[in-house]
Amino acid sequence: MGRDPLQDGHGRRISDLRVSVTDRCNFRCQYCMPAEGLPWLQRAEVLRFEEIERLVAVMAQMGVQTLRLTGGEPLVRRDFPKLAALLTAVDGLDEVSVTTNGFLLERDAAALVAAGIDRFNISVDSLQRDRFYAQTRRDALPRVLAGLEHLAAFPEAHPIKVNAVAIRGFTEQEVLPFARFAREHPYEVRFIEYMPLDGDRTWKPEQVLTGAEIRAAIHAAYPLEPAQRDPHATARVHRFADGQGQIGFINPVSEPFCDDCNRLRLTADGRLRTCLFSLHETDLRGPLRAGATDDDLEQLIRDAVWAKELKHRVNDPGFVQPARTMSAIGG
């Protein structure tokens, strides 16, 4: 059944959905949550597989074509490959991807590829074991790299993207090692500017190591040339001029890409968010469990999307950080 395409009040067509399948995570990254973690949702609060499938199917009928599964850490959700298989079968979706910290990837890579996952993003903030531990509070780099290598053995999993959060005072030492990593392996390394979504509420603008600074540092050692940006893409991708790999820059703070944003987010407890930095959410779990029809859900979604924010306002005076952190929202 087709439905009218989703469009917000600023004329943007919405075609990308990011679904958090759990708020739980087995890492405690400095830029995301406190060392002691956060209060987790109770099991009854988390959307069930069939509820996620139904909401995704309704939004696919409304023109959502790409789906990203996130967390927390999605691979800690029990039977996650089964959920992935349910969602890759939803009519209308062109691509289903997963963002993971890679800790359980060696265990689940084969099952996720078999389930039909098209693309993988792996978070790796340092290629040095001690610095990886300092950032994530977990001594897990060898296991993450083993999972990445295991995933790379599946041709259908490519292109594989490796994401590093760029924080001033930390990431400068990682830039050239990651550039070499991108040249020597079949991965696209992407630097993501540090955003105000941390659990400790200590983010400051001066902590943002900008994409432009990183790009200049890499270009001085390994000349870069820009690739054409895909419509709605979050990353500005550059090729190494000699053809050996490519690298990406996601710059939501210094170079916002709100103008052509086509994204929605669904939290693990069934709240629809129209921006990563939204201060308001729309409850879909309550109506879903109260017997709402697909038409009812469509209207709730359509009303929320119509009010989608024009921009995230991170750089505006009086910016207010949302109550939820990145791990509770879903990346």
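Predicted model: local features only at pLDDT ≥ 70, side-chain atom pairs only at ≥ 80, totals over all residues.
Start with the helices. Two packed helices are described by the angle between their axes and the distance between the axes. Helix α1 covers residues 49-61, and helix α2 covers residues 80-88. Their axes come within 10 Å and cross at roughly 25 degrees. Angles under 35 degrees count as roughly parallel, and α1 and α2 are therefore roughly parallel to each other. The crossing of α1 past α2 is right-handed. On the α1 side, the contact uses Phe49, Ile52, Glu53 and Val56. On the α2 side, Lys82, Leu83, Leu86 and Leu87 meet them. Sorted by class, this contact has six nonpolar residues, two charged and no polar.

Now move to α6 and α7. Helix α6 runs over residues 175-184, and helix α7 over residues 211-221. These axes also come within 10 Å, and they cross at roughly 60 degrees. That angle makes α6 oblique to α7. Here, too, the crossing is right-handed. Val175, Leu176 and Ala179 are the α6 residues in the contact. They meet Ile214, Ala217, Ile218 and Ala221 of α7. The contact of α6 with α7 has seven nonpolar residues, with no polar and no charged ones.

Next, the empty space. Rolling a probe the size of a water molecule over the atoms shows where empty space is left. The second largest pocket holds about 430 Å³. What lines this pocket? Its lining has 16 residues. Arg24, Arg43, Val46, Arg77 and Arg78 lie nearest the centre. Eight of the lining residues are charged, six are nonpolar and two are polar.

Finally, look at the backbone in the loops. Which peptide bonds are cis? One of them runs from Gly71 to Gly72, with omega near 25 degrees. Gly72 sits in the loop between β2 (66-70) and α2. That is the α2 that packs with α1 at roughly 25 degrees. Another cis bond joins His158 to Pro159, with omega near 5 degrees. Pro159 belongs to the loop between α5 (141-152) and β5 (160-166).

Arg201 is in the loop between β6 (187-193) and α7.

Conventions. Residues numbered from 1 in each chain as written. Heavy atoms only, no water. 1 Å grid on protein atoms, 1.4 Å probe; cavity = no way out; pocket = protein on both sides within 12 Å on 5 of 7 lines; lining within 4 Å. Points joined across faces, edges and corners; volume = space filled by probe spheres on them. Nonpolar A, V, L, I, M, F, W, Y, C, P; charged D, E, K, R; others polar. Axes fitted to C-alpha atoms, helices over the stretch in contact; angles between N-to-C directions. Helix = DSSP H or I, 4+ residues; strand = E, 2+ residues; numbered from the N terminus. Parallel < 35°, antiparallel > 145°, perpendicular 65-115°, else oblique. Left-handed = near helix turned anticlockwise from the far one by under 90°. Contact = heavy atoms within 4.5 Å.
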